[in-house]
Amino acid sequence: MPAADFLLEHMSRTLWDPVDTTRVASLDVTLRTRVNGEIYRFATAANRDRFRRTPLKWCGILRDPVTGIQFIPARGAPRFDTAESPYFFRSDSTRSAFMADTARYAIHRRY
């Protein structure tokens, strides 16, 4: 078993669904979504869809992709949606910088 697969299998035993923290999340790629490039995994499609409707309710601390500074986004936090995921920012200026060079700042994680 490749090391990455072993680690993912091990993580699956301690990876909790952010919407229903009493349930272990699945490693199934259809039961995941991203916010600011971070991957969130879910026990069910219903939990994944609920998270996607209101990600700020569930995601907690995020990292601004431009500055790298961690923050807890407020309800009106600047947002930009890419084909892959929504991104939230600490300020309108970092959102503008991201929009001007998305390829530079977008975070792409495989797992």
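## Close-up views of aromatic pairs and nonpolar cores

The count comes to five aromatic pairs in this predicted model. The views below start with two of these pairs and then move to their surroundings.

**View 1. Phe80 and Phe98 form an edge-to-face aromatic pair.** The ring centres are 5.8 Å apart. The angle between the planes is 65 degrees, and over 60 counts as edge-to-face. Phe80 belongs to strand S5 (residues 79–81), while Phe98 belongs to helix H4 (residues 92–100). The pair therefore ties together parts that are 18 residues apart in sequence. Phe80 is partly exposed, because its relative accessibility is 22%. Phe98 has 0% relative accessibility, so Phe98 counts as buried.

**View 2. Tyr87 and Phe98 form a tilted pair.** Here the ring centres are 4.7 Å apart. The planes meet at 40 degrees, so the pair is tilted. Tyr87 sits in strand S6 (residues 86–88), and its partner Phe98 sits in helix H4. This pair therefore links parts that are 11 residues apart in sequence. Is Tyr87 buried or exposed? Tyr87 is buried, with a relative accessible area of 0%.

**View 3. Four rings form one aromatic cluster.** Its members are Phe80, Tyr87, Phe89 and Phe98. Phe98 takes part in both pairs shown above, with Phe80 and with Tyr87.

**View 4. Thr94 lies in helix H4.** Thr94 is buried, because its relative accessibility is 7% and the cut-off for buried is under 20%. Which side chain does Thr94 join through a polar contact of 2.9 Å? The partner is the side chain of Asp64. Leaving out residues up to four places away in sequence, Thr94 touches Asp64, Val66, Thr67 and Phe89. Phe89 is also a member of the aromatic cluster.

**View 5. The largest nonpolar core has 11 residues.** Nonpolar side chains tend to be buried together in soluble globular proteins. What does Val19 contact beyond its neighbours within four places in sequence? Val19 is in contact with Phe42, Asn47, Arg50, Phe51 and Trp58.

**View 6. A second, separate core has five residues.** Among them are Tyr87, Phe89, Phe98 and Ala106.

Notes:
Residues numbered from 1 in each chain as written. Predicted model: local features only at pLDDT ≥ 70, side-chain atom pairs only at ≥ 80, totals over all residues. Heavy atoms only, no water. Phe/Tyr/Trp six-rings, centres within 6.5 Å; stacked < 30°, edge-to-face > 60°. Helix = DSSP H or I, 4+ residues; strand = E, 2+ residues; numbered from the N terminus. Buried < 20%, exposed > 50% of the residue type's maximum accessible area, 1.4 Å probe, protein only. Polar contact = N/O pair within 3.5 Å; in protein donor to acceptor, adjacent residues only side chain to side chain. Contact = heavy atoms within 4.5 Å. Core = buried A, V, L, I, M, F, W, Y, C linked by side-chain atoms within 4.5 Å.
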